[in-house]
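Try each task before you read its solution.

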Amino acid sequence: MVLITESTLRSMIKKGIPNPFIVREGDKLTPAAVDYLRDRRIPIQDMCLVKTGKTSAFSGESLQIPVGVSNRHIHLAAEDVSALFGEGYSLTQLRELSQPGQFAAKEQVSLVGPKGIIQHVRILGPAREETQVEISNTDGYQLGIYPPVRLSGSIEGTPGLTLVGPNGCVSLQKGVIVAKRHIHISDIDAQKYDLKHGDCLYLQTEGERPIIFTDVMVRVHPNYRLDFHIDMDEGNAAGLKTGDMVKLIGKNGVFFNRGGEGNRYSLDG
Ligand SMILES: [Zn+2]
């Protein structure tokens, strides 16, 4: 048996740490070594589990997750609804979204940036505490703004732009983000599939150009419905559309091994 510690890994830096990191039968990683690999986003491939077809402690039932591709959209604060559409105006529901209580509104506004304009951008309701504009990188090039990738609600230090509605304009000082990909899951499903709020997942697509999405954040709430949210750039690049399914194949730096055909994931195949 070989015990692989954090210092074993550090001593490998010069030659390069294998990615994924292969653990042979009988070898053991210390918890610090596991953390070390996870922090560097190096997945661990346990050959023992692959060979015996045993289920890893991290796995569980194979989870298929429906995809929701989000086009550019805006969440408005109540005062900005008034500024854009008039005092006392309330948004009109056009259709429900996958997450209970959320809806696409009939109302649209224009986004005005230093380099360009994008018209007819959908507003999502209900109104929120702070206005947030979610665009793709491609939209950013068109507008001439370069927002960071952030989780919804995290808008400190992000760029602003100008919103133009039928009744007025709003100049935002901040609030434009490229949404970080994430899944929504209820607390009951999260427990069933051994997932926690803040977990980081690997999701695999199927089809002609399969890819693995890394760094997919888990967001747990009793009202959430299982859904994998990506933006238009990510959806187009992966050939995914709303309603397609992706498969959970690992989390927090570790690929699950379930043994059997089609369950060995290699990054070079
Ligand atoms: Zn979402």
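**Exercise 1.** Find which residues of helix α4 (residues 78-85) are buried, then work out why they line one face of the helix.

*Solution.* Start with the burial count: Asp80, Val81, Ala83, Leu84 and Phe85 are the buried residues of α4. Here, buried is 20 or more other C-beta atoms within 10 Å of a residue's own, exposed is 12 or fewer, and partly exposed is in between, with C-beta atoms placed from the backbone. Next, look down the axis of α4: its buried residues fall within an arc of 165°, so they line one face. The arc is that of the directions from the helix axis to the C-beta atoms. Helices (H or I, at least four residues) and strands (E, at least two) are DSSP runs, numbered from the N terminus.

A note on the source: this is a predicted model, in which local features need pLDDT of at least 70 and side-chain atom pairs count only at pLDDT 80 or more, while totals for chains, interfaces and linings use all residues. Residues are numbered from 1 along each chain as its sequence is written.

**Exercise 2.** Decide whether Leu94 counts as buried, partly exposed or exposed, and list the residues that Leu94 touches.

*Solution.* Then count: Leu94 has 15 C-beta neighbours inside 10 Å, so Leu94 is partly exposed. Finally, leaving out residues up to four places away in sequence, Leu94 touches Ala104, Ala105 and Lys106, where contact means C-beta atoms, placed from the backbone, within 7 Å.

Conventions: Two residues are in contact if their C-beta atoms, placed from the backbone, lie within 7 Å.
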